[in-house]
Amino acid sequence: MTKVVIVGGGTAGWMTAAALSRLVPSGVSVTLVESEKIGTVGVGEATIPSLLDFNRMLGIDEDAFVRATGATFKLGIEFRDWTRPGDSYLHPFGTHGRDVDGVSFHQLWLRQAALGNPDPGPIGDYCLSAVAARRGRFTRPSANPQSVLSSLFYAFHFDAALYARFLRDLSERSGVVRIEGRVVAVDQDAETGFIEAVRLEDDRRVDGELFVDCSGFRSLLLGEALDVPFTSWKHWLPCDRAWAVQSAREGILTPYTRATADTAGWRWRIPLQHRVGNGYVYSSAHIDDDDARQALLAGLEGQALGEPRQLHFEAGRRDRLWDRNCVAIGLSGGFLEPLESTSIHLIQSGIARLMSLFPDLGFSLTEIDEYNRVMLREYDQVRDFIILHYHANKRSGSQFWDQCRTMSIPASLSAKLALWLGKARVFREQGELFTPDGWIAVLLGQGVRPTSIDPLAATLPPGESARFMAHVRDMIDKTATAMPTHEAFIAEHCASMMGQPV
């Protein structure tokens with residue numbers, strides 16, 4: 001393998017370029033083809049903790065990255081009105097409490113909540129990320145596993161366009177060649193269908209051996225040229241449009257994303273140092289475009305910094321993400337709405353698995369099949385977690401939410417719910433992205449209560465369990481109180497020149 005060609009820039013393209021330029025052997029050229037005439041989606045500005053591993057793999061200084069992208073820190077996602085209007089809960093990063101004698105902490109909490117004396121309070125009181133988020137505080141975790149601060153997990157909110165620019169600079173310094181131009185044709189081998197080159201509108205030809213499709217929703221290589229089918233999940237995830245707009249920053253910088261349920265979908269709020277990202281993801285079958293636009297604008301906390309931009313999409317994925325000598329990364333391979341901030345993670349995951357199965361010119365079918373097996377499974381697992389939010393709602397008087405609550409769900413999600421409803425059991429299977437703590441936060445946050453608990457939890461003395469839980473809550477409370485505010489931490493370590501409120 002000597003020639004890799006990436007078609008498309010944006011976050012997916014430049015994350016791929018940065019990783020390949022850092023990790024592939026010398027002698028392998030990396031070329032990225034993109035056109036400034038073609039815009040990028042660029043609204044996915046919230047991430048999950050796995051991005052820290054990607055940035056560290058590239059040797060990126062975190063403070064420099066935060067300054068360059070106008071980033072803030074993220075400790076979780078607040079869900080407003082998802083259970084019922086007026087209700088809210090937090091899906092925090094990190095763990096709840098600590099297991100005792102092989103019994104999961106949430107089992108102790110459920111038993112104590114059932115006993116009611118003393119009242120254990122919300123389960124979020126036992127997660128440092130949740131308590132710190134509610135109080136607007138942040139610091140980096142401790143490396144000492146004995147410290148409560150070691151249980152803090154975090155991610156980022158950032159300007160996606162600035163992140164792509166940051167990675168482009170890094171990639172080009174590492175030898176990636178960028179070609180400006182619009183791809184208008186794909187040359188394929190007449191017998192095998194392998195891609196040989198892409199042709200640009202001025203008739204330039206860019207040839208390669210491995211092609212990475214980062215062309216977005218169009219899926220220029222995998223979808224159009226190689227004709228890999230697309231499987232729709234619209235029957236489970238009916239939202240198919242979004243309005244997005246930036247607004248002026250007002251008030252304090254909250255260290256969490258907000259997702260607020262609305263008439264026919266949900267609205268996001270993502271605070272950056274220099275502005276706030278906002279959007280309304282909705283089902284066009286349940287609300288008019290103009291009404292959705294007005295609902296978005298009416299919910300802004302600051303002045304809109306431009307006209308809202310509309311996006312059209314369909315939830316689902318390609319039946320294969322690697323076909324012949326082409327790998328799809330990002331939207332060209334599939335789309336899941338950004339409810340749990342998984343878009344950039346799925347880019348990162350695709351890149352990591354490509355590196356672990358980096359091909360030679362033989363393009364082993366065994367390795368290609370393994371890539372597809374693992375990546376398709378991950379898309380399916382993320383899909384189930386997102387469906388859970390919609391399905392487990394108790395809102396009334398809305399056709400959209402009634403449909404989501406009563407619809408049939410994937411068998412894999414049904415099995416997970418049955419296990420939870422029986423004895424509150426949640427297991428992480430086959431490298432699943434979301435941890436049991438994540439599932440527990442959403443299930444309890446949306447009022448999905450089990451009928452019983454693990455019998456082993458009942459064997460632990462209630463008095464001792466209650467004292468242990470009170471100790472855990474007290475330690476978390478004291479640790480969060482000692483942390484600096486989110487804004488103070490940014491001001492001291494990584495304030496952007498853009499970071500003044502408008």
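Helix 1 and helix 9 are roughly parallel to each other, a description given to angles under 35 degrees, whereas angles over 145 count as roughly antiparallel, 65 to 115 as roughly perpendicular and the rest as oblique. The model is a predicted one, in which local features need pLDDT of at least 70 and side-chain atom pairs count only at pLDDT 80 or more, while totals for chains, interfaces and linings use all residues. Residues are numbered from 1 along each chain as its sequence is written, and side-chain values use heavy atoms, with hydrogens and water left out.

Helix 1 covers residues 10–23, and its axis lies 10 Å from that of helix 9, at an angle of about 30°. Helices (H or I, at least four residues) and strands (E, at least two) are DSSP runs numbered from the N terminus. Axes are lines fitted to C-alpha atoms, for helices over the stretch in contact, and angles run from 0 to 180 degrees between N-to-C directions. Helix 1 passes helix 9 in a right-handed crossing; a crossing is right-handed if the near helix is turned clockwise from the far one by less than a right angle, and left-handed if anticlockwise. On the side of helix 1, the contact (heavy atoms within 4.5 Å) is made by Thr11, Ala12, Met15, Thr16, Ala19, Leu20 and Leu23. Helix 9 contributes Ile344, Ile347, Gln348, Ile351 and Met355. These residues divide into nine nonpolar, three polar and no charged. Here Ala, Val, Leu, Ile, Met, Phe, Trp, Tyr, Cys and Pro count as nonpolar, Asp, Glu, Lys and Arg as charged, and the others, Gly among them, as polar.

The structure holds two cavities of 30 Å³ or more, and the second largest cavity contains about 30 Å³ of space. On a 1 Å grid over the protein atoms alone, a cavity is a set of points where a 1.4 Å probe fits but cannot get out; a pocket is an open set with protein on both sides within 12 Å along at least five of seven lines, and lining residues have an atom within 4 Å of a point. Grid points are joined across faces, edges and corners, and a volume is the space filled by probe spheres set on the points. Helix 9 (343–356) and helix 10 each supply at least two residues of the lining of this cavity, and helix 10 gives the most, with three. Among the lining residues are Leu321, Ala328, Leu346, Tyr371, Met375 and Tyr379. By class, the lining of the second largest cavity has seven nonpolar, three polar and no charged residues.

Helix 10 also packs against two other helices. Helix 10 (residues 365–391) and helix 12 (residues 411–423) meet at an angle of about 65°, with their axes 10 Å apart, and are therefore roughly perpendicular to each other. Their crossing is right-handed. Arg383, Asp384, Ile387, Leu388 and His391 of helix 10 touch Ser412, Leu413 and Leu417 of helix 12, and the residues of this contact comprise four nonpolar, two polar and two charged.

The axes of helix 10 and helix 13 come within 10 Å and cross at roughly 15°, which makes helix 10 roughly parallel to helix 13. This crossing is left-handed. Asp384, Phe385, Leu388 and His389 in helix 10 meet Gly438, Trp439, Val442 and Leu443 in helix 13; by class, the contact has five nonpolar, two polar and one charged residues.

Helix 13 leads in turn to an open space. The second largest pocket has a volume of about 690 Å³, and of the 31 residues that line it, the closest to its centre are Thr95, His96, Gly97, Arg98 and Asp99. Helix 4 (105–115), helix 13 (436–445) and helix 15 (462–482) are the elements that give two or more residues to this lining. Helix 15 gives the most, with four residues. The lining of the second largest pocket has 14 nonpolar, twelve polar and five charged residues.
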